[in-house]
Amino acid sequence: MKFEPLASASADKDALASEYKAAREIGKLRVGELHLFVRTGLSAHYIPYRDVRRVFRRVQLIPAKMCCGSGAFELENLVVCGEAGELC
């Protein structure tokens, strides 16, 4: 697996691989001891916790017209912010 940093910091590939295997998996995310991993295809982006400033859930309402009426779908995203702004 290929590991790519989302922040400016880089880490040892062997240490990242062992932490990734031991991390708790939640959907496309993995929560390790020192890093947050986001899986995309065959690679995993990682963010050290020391570079994370804010984490929040963004909910977007998408209007939908159906045959029996109308409604809205809720699209939920996890947003991770650092010093420079949104990281993912």
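Predicted model: local features only at pLDDT ≥ 70, side-chain atom pairs only at ≥ 80, totals over all residues.
**Notebook: rings and charges**

I started with Glu 4, which counts as partly exposed at 25% relative accessibility.

**Entry 1: who does Glu 4 meet?**
I looked for the salt-bridge partner of Glu 4 and found Lys 2, with 3.6 Å from N to O. Lys 2 is exposed, at a relative accessible area of 52%. That is just past the cut-off, because exposed means over 50%.

**Entry 2: aromatic rings.**
How many aromatic pairs are there? The count comes to three. I picked out Phe 3 and Tyr 20, which pair edge-to-face, with 5.7 Å centre to centre and 70 degrees between the planes. Next I checked where the two residues sit in the chain. Phe 3 belongs to strand S1 (residues 2-5) and Tyr 20 to helix H1 (residues 13-22), so this pair ties together parts 17 residues apart in sequence.

Are Phe 3 and Tyr 20 buried or exposed? Both are buried.

**Entry 3: a charge over a ring.**
Still on Tyr 20, I asked what sits over its ring. I found the charged end of Arg 30 there, 4.3 Å from the ring centre. Arg 30 counts as buried, with 16% relative accessibility. The reason is the cut-off: buried means under 20%.

Arg 30 has a salt bridge too: its side chain meets that of Glu 25 at 3.3 Å, N to O. Glu 25 counts as partly exposed, at 43% relative accessibility.

**Entry 4: a link across the chain.**
Then I turned to Arg 58 and looked up its partner. Arg 58 makes a salt bridge with Glu 86, and the closest N and O atoms are 2.7 Å apart. This pair links distant parts of the chain, 28 residues apart: Arg 58 is in strand S6 (residues 54-66) and Glu 86 in strand S8 (residues 85-86). Arg 58 counts as partly exposed, at 30% relative accessibility.

**Entry 5: a network.**
Which residues do salt bridges with shared partners join into one network? I wrote down Glu 25, Arg 30 and Arg 39. Last, I noted the total for salt bridges, which comes to six.

Technical notes. Residues numbered from 1 in each chain as written. Heavy atoms only, no water. Phe/Tyr/Trp six-rings, centres within 6.5 Å; stacked < 30°, edge-to-face > 60°. Helix = DSSP H or I, 4+ residues; strand = E, 2+ residues; numbered from the N terminus. Buried < 20%, exposed > 50% of the residue type's maximum accessible area, 1.4 Å probe, protein only. Lys NZ or Arg CZ within 6 Å of the ring centre and 35° of its normal. Salt bridge = Lys/Arg side-chain N within 4 Å of Asp/Glu carboxyl O.
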